[in-house]
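Turn the model around once before you read on. Then follow the text from one detail to the whole.

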Amino acid sequence: MRIPFTTIVCTLFLLVSCNEYQKVLKNEEVKPKYDLAEKLYKEGDFKRAKRLFEQIAPRYVGKPQGERVMFFFADSYFQSGDYYLSGYQFERFVKSYPKSEKLQQALYLEAKSYYELSPRYSLDQSETDKALSKLQNFVNTYPDSEYFAKANEMAQELTRKKQKKEIEIAKQFDKLGEFNFPILVSSIAALDNFIAENPGSVYREDAFYYRVKSAVHLAENSTLRRQPERFKEAKVHYDALMKAYPETKYSKEVASLLKKINNNLSESKDLSK
């Protein structure tokens, strides 16, 4: 079988390129490393470029080319998907070159690095908090930036992720309350906080509903002495839900809960006569 000429040419090119790279990598001279690193960076070969930048970056500290080298070095990590190190390197760049023309881009890519590290909502959200802080700082500092829309979009996405974690924790309290009634107090408190602190959340209606549900369940399983008071509190939560969402998606569920509230309050009145 004959091998196509173009395949042979490409193979030879790769062999020459790899040999050149290995030769420069082992070379002690800085200039050849700098030239090849920049060439590979511009060609999109970020993994090999970052190895060379890693070797030469310390040698350019305090020199005119240092700013350029350090930015390319950080971006090579970012473009390679190594977001832990790109975040760290962009932080170093920002601290080292606060007056750089690349400052705005570096701050954006630093924030985006931490955004990429943000895990799914059910896991620890430390990286999310860090990313959100940096994105919000960027949005506040550069409202006219070309990166503003994307940074704002990422910040909103991370905010929703944190809100989802909060609402899921509250829902878990509600579920656990079926077996351990005092936990329902924590459920209601968590939902109170969520509603107060997240006025524009997409999960706000859910919070209103689960607050009513937890309150009714708590009232049902309270002592006879506490039931009237707690059913009144549940009615307050029901009224708040209907005021905020008169056509709530939970209309069937809350109709059933309201029936329980009204029946109990009616019985309480009869008993008090």
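Start at Lys260. Its relative accessible area is 37%, so Lys260 is partly exposed. That label has cut-offs: buried means under 20% relative accessible area, exposed means over 50%, and partly exposed lies in between, with a 1.4 Å probe and protein chains only. Two points on the source: this is a predicted model, in which local features need pLDDT of at least 70 and side-chain atom pairs count only at pLDDT 80 or more, while totals for chains, interfaces and linings use all residues. Residues are numbered from 1 along each chain as its sequence is written, and side-chain values use heavy atoms, with hydrogens and water left out.

What does the side chain of Lys260 meet in a salt bridge? The partner is Glu220, at 3.5 Å from N to O. Glu220 lies in helix α10 (residues 204-220) and Lys260 in helix α12 (residues 251-272), so this pair ties together parts that are 40 residues apart in sequence. Helices here are DSSP runs (H or I, at least four residues), as strands are (E, at least two), and they are numbered from the N terminus. Salt bridges that share partners also join Glu91, Glu110, Lys130 and Lys134 into one network. A salt bridge needs a side-chain nitrogen of Lys or Arg within 4 Å of a carboxyl oxygen of Asp or Glu. By this rule there are 18 salt bridges. Side chains of opposite charge can pair when their charged atoms come close.

Look inside that network. Lys134 and Glu91 form a salt bridge of 3.7 Å, N to O. This pair links distant parts of the chain, with Lys134 in helix α7 and Glu91 in helix α5, 43 residues apart. Lys134 is partly exposed, because its relative accessible area is 21%. Glu91 has 19% relative accessibility, so Glu91 counts as buried. Another bridge joins Asp45 and Arg48, whose closest N and O atoms are 2.7 Å apart.

Now step back to the whole chain. How many helices and strands does the protein chain have? There are twelve helices and zero strands. The radius of gyration is 30 Å, well over the 19 Å that the globule rule gives for 273 residues, so the chain is more spread out than a compact globule. That radius is taken over C-alpha atoms, and the globule rule is 2.2 Å times the number of residues to the power 0.38. The C-alpha atoms fill a box of roughly 100 × 60 × 30 Å along the principal axes. Of the 273 residues, 42% count as buried.

Next, go to the interior. In soluble globular proteins, nonpolar side chains tend to be buried together. The largest nonpolar core here has 46 residues, and Phe53, Phe71 and Leu135 have the most contacts inside it. Two or more residues of this core come from each of α2 (30-43), α3 (46-56), α4, α5, α6, α7 and α8. The largest share, nine residues, comes from α6. A second, separate core of 27 residues includes Val216, Ala219, Ala234 and Leu241. Such a core is a set of buried Ala, Val, Leu, Ile, Met, Phe, Trp, Tyr and Cys residues joined through side-chain atoms within 4.5 Å.

Follow α6 itself. Helix α6 (residues 103-117) has 15 residues and reaches 21 Å from its first C-alpha to its last, close to the 21 Å expected. The expected span is 1.5 Å times one less than the number of residues. Twelve of the 15 residues of α6 are buried. Among them are Leu103, Tyr108, Glu110 and Leu117. The buried residues of α6 pack against α4 (66-79), α5 (83-96), α7 (126-141) and α8 (148-176).

Finish in α8, where Gln163 lies. Is Gln163 buried or exposed? Gln163 counts as buried because its relative accessibility is 8%. Leaving aside neighbours within four places in sequence, Gln163 is in contact (heavy atoms within 4.5 Å) with Phe194, Asn198, Ser201, Val202 and Tyr203. Gln172 also lies in α8. Gln172 is partly exposed, with a relative accessible area of 43%.
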